[in-house]
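Dear colleague,

Please find below the structure that I am handing over to you. My findings follow it.

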Amino acid sequence: MVLVTVGTVAVLWWFGGSVSDLVLFGAYLGLGVALPGVLLIRVLYPGIRTVAEEIALGLALGYAVEVMVYIAVRAAGVPLLVLAWPIVTYLVFLAVPRLRRRWRSPARARTPIWWSWSLALLFALLVAWSAGTFFRGAALALSPMVIRDTDVPFHLALIGELKHHVLPTVPWIAGEPLYYHWFVYAHLAASSWITGIEPLVLLCRLAMLPMLAAFLIVVAMTGYRVTGSRPAALVITAGMIFVGAPSLFVGQNPYPFAWGGLLQSSWNSPTQTFAGLLFAPVVLLLLDIFHRRQSASRWVLLGIFLVAVMGAKAVYLPMLAVGLAAVAVVEMVRRRRLPWPVLTALGMTAACLLFSQLVLFGGVRNGMTFYPLWTMRWTWGYLTGHVPTASPPLDSLLGVTLLYSLCWLIALCGILGLLSRPRSLVRSDVVLMLGIGAAGFVPVFLFGHTGGSQFFFLFGSYPYLVAVAVFGILILLRRARVSSRATVVAVGAGVLATSLIPALCGVGVPLAAGVPESLVYRPYVVLLLIVVLAAVVLAATMGMIRTWALMTVALSAIGLPARWHAIVGVTTVKGIDGVFPPIVPATNEKIPPGILNAARWLRDHTDPNDVVATNRHCAWGLENPCYSQQFWLSALSERRVLLEGWASAPTRRPMVSIPDQRFLYLPFWDKERFKANDAVFDVPSVASAQRLYEQYGVRWLVVDERLNPDVALGKFASHLFRSDGYSIYRMRDSSHS
């Protein structure tokens, strides 16, 4: 652990992290989040654990409590009062005699040294992956700033909004309610207040790594709880990183075969990472409840985590509700009585789900549309080189659907191993995870979303699908009495097949013009032929049960660890740009220094409640048609902008009825606001300025002079700042002039 920590610090320093920021963040995380969380865990969730397990659970609980406290104190206008919760925790644990002993380290679980080293190496892999893909494409220097992940300004703007306002609104469309899962931004805002570290540094370097470390450890705990085997638990933890639909194509792999999973969503989607960590203890607590290890403190802890997950990510509670409902049904059939603990947990989940959908998310869909097999239509486009939204022939659509289903069957074929011991299928933990997994898959096939958000259900279910798949393999191996050597050989065969088949078949996608579409199936037909032949030979020499076990191991090796080839070839320093080329065009990666300087000037010289208007709505160089995912002014200034960009706005805006990759080019829906905003720049007049001042509360104007080089605003605004083609004006009330 020490070596990995030192290595991580060295990587962060190499990629621009200052020593002072690293020290401040480490002190804040340890003393302000993890340690008070650990003290609470020792009271609410006692048990024999390793130091790493206790810290991971304490960190998760610390995040959950901090967010709730910050929301309250930020709403009261005293954000730094968030420090009260760790201070009060320390005082209580020092003052109360019964709690004072909790400062002493409890009995520790003994684990093999390879276990600790393996988990540490998995985290080191995530750090190396982060450095090679994300850090390298997100420079911290403000001049010039290079950010290749197009979602960074979106996240950064929301952090700025939560630094200064609760309840939050959409910062790039001032006044629009924010119907989104925003709890991670509240945590990042609190971190920035406490440490003074720039939100950009927190978002792009520091905040996600401790979440990933804790997530790995809690998933490993869950895996060990389910399987009773540390090697199996380690495979589950590794599988959470690598699991996915295996791609057997060469070159750029198509969406969605090589998209998703912890490696690709950890930095692109901080909401997913944060919620994944908070959700993992929920599952762990439910496993205790299923095994009648209940106490009032466990229920309190479950409630805290459910409330935290409620606002952390919208996908988790619906999946949990399905899983708990499945457990309730199975238990009622098995025992012929109501499983009150399960029903209680389901009721708590339902209450949080209703509150989140009706209050936090305002009942909006944010683009999620019931559109069966829309994902497969898009996949067909990437495979064949056609326009992704064009309607494929029915046979092509069904073929791609079967192909994608086959890939996931390969990846998770270990689940079928549960059939070798049918009573394992009715275990509450297995039923819960299968229910979560089923709820994760359904949206992929039944819904469409302009940004592919239906996939985040599937991403959230990864650890639990892998857990039951590995458990099924373990059951098979034990029943067939397969040796360790034979298991390793089977894994090697799967890895070898994954490496050789793409090279032998040579199918590159998208297909070249004139190439028959049937070519996309060639690698998988070859794989199936190899599988059938190998199964026949093994069955003749080893018997059915051993053949089943060895073939399951080999196929799982194709779908889990051997999936590395599918993501290394696709993921670039541009995040998901290589996966969504029609949606995310190539933009200027260098952020103009003028916008940086202007935004920082605004942050230093204006009130957080001031509203700013700007003439820049489109990404630089993508004005015609307008690529409207432009949030840099609100992101860097931490100020609300009357109208900057308008794509990806989580609000009650009108949505297209059919998901379309052109959604980023749609015009702004509020024509009156758009007209009023641009009038003051295009045809400046006292009347247009006064309308912005009175009706919309605008107090500042930020002008990109490349768009309006000769704009004359002196009649109603005072010029206060200029830098590299960007000017800032302070508006005057002209009603009394």
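In what follows, helices (H or I, at least four residues) and strands (E, at least two) are DSSP runs, numbered from the N terminus. Please bear in mind that this is a predicted model.

I begin with the backbone. The peptide bond from Val166 to Leu167 is cis, and its omega is near 5°. Leu167 belongs to the loop between α7 (152-164) and α8 (183-195). Another cis peptide bond is found between Asn624 and Pro625, where omega is about 0°. Pro625 sits in the loop between β5 (611-614) and α26 (632-637).

Positive phi values also deserve mention. Arg336, a residue other than glycine, has a positive phi near 55°. Arg336 is placed in the loop between α15 (316-335) and α16 (340-360). Is Arg336 buried or exposed? Its relative accessible area is 75%, so Arg336 is exposed. Arg481 is not a glycine either, yet its phi is positive, at about 55°. The loop between α20 (455-480) and α21 (484-505) holds Arg481. With a relative accessibility of 73%, Arg481 counts as exposed, given that the term applies to values over 50%.

Five strands make up an open sheet with mixed pairing, in the order β6-β5-β7-β9-β8. The edges are taken by β6 (640-641) and β8, each of which has a single partner strand, so one side of each is left without a neighbour in the sheet. In general, the strands of a sheet pair through backbone hydrogen bonds, either parallel or antiparallel.

Val612 has Val641 as its bridge partner in β6.

Strand β9 can be described through its pairings with β7 and β8. Strand β7 (residues 698-704) runs antiparallel to β9, and five bridges join them. Across this pairing, Val702 has Ile728 of β9 as its bridge partner. How many bridges pair strand β8 with β9? Strand β8 (residues 717-723) and β9 pair over six bridges, in the antiparallel sense. Ser718 has its bridge partner in β9, namely Arg730. The strands β8 and β9 form a hairpin with two residues between them, and Asp724 in the turn has a positive phi of about 50°.

Why can strand β9 be called largely enclosed by the rest of the structure? Five of the six residues of β9 (residues 726-731) are buried, so the description applies. Buried here means under 20% relative accessible area.

Leu3, Ile113, Trp114, Trp117 and Leu121 make a nonpolar surface patch of about 580 Å². Which element contributes the largest share of the nonpolar patch? Helix α6 (residues 113-134) does, with four residues. Trp117 lies in helix α6. Because its relative accessibility is 44%, Trp117 counts as partly exposed.

With kind regards

Methods
Residues are numbered from 1 along each chain as its sequence is written. This is a predicted model: local features need pLDDT of at least 70, side-chain atom pairs count only at pLDDT 80 or more; totals for chains, interfaces and linings use all residues. Side-chain values use heavy atoms; hydrogens and water are left out. Patches are made of residues with over 30% relative accessible area and no salt bridge: like charges are joined within 9 Å, nonpolar side chains (Val, Leu, Ile, Met, Phe, Trp, Tyr) within 5 Å. Accessible areas come from the Shrake-Rupley method with a 1.4 Å probe; for residues, only the protein chains shown count as cover. A salt bridge is a side-chain nitrogen of Lys or Arg within 4 Å of a carboxyl oxygen of Asp or Glu. Buried means under 20% relative accessible area, exposed over 50%, partly exposed in between (1.4 Å probe, protein chains only). Two strands pair if DSSP finds at least two bridges between them.
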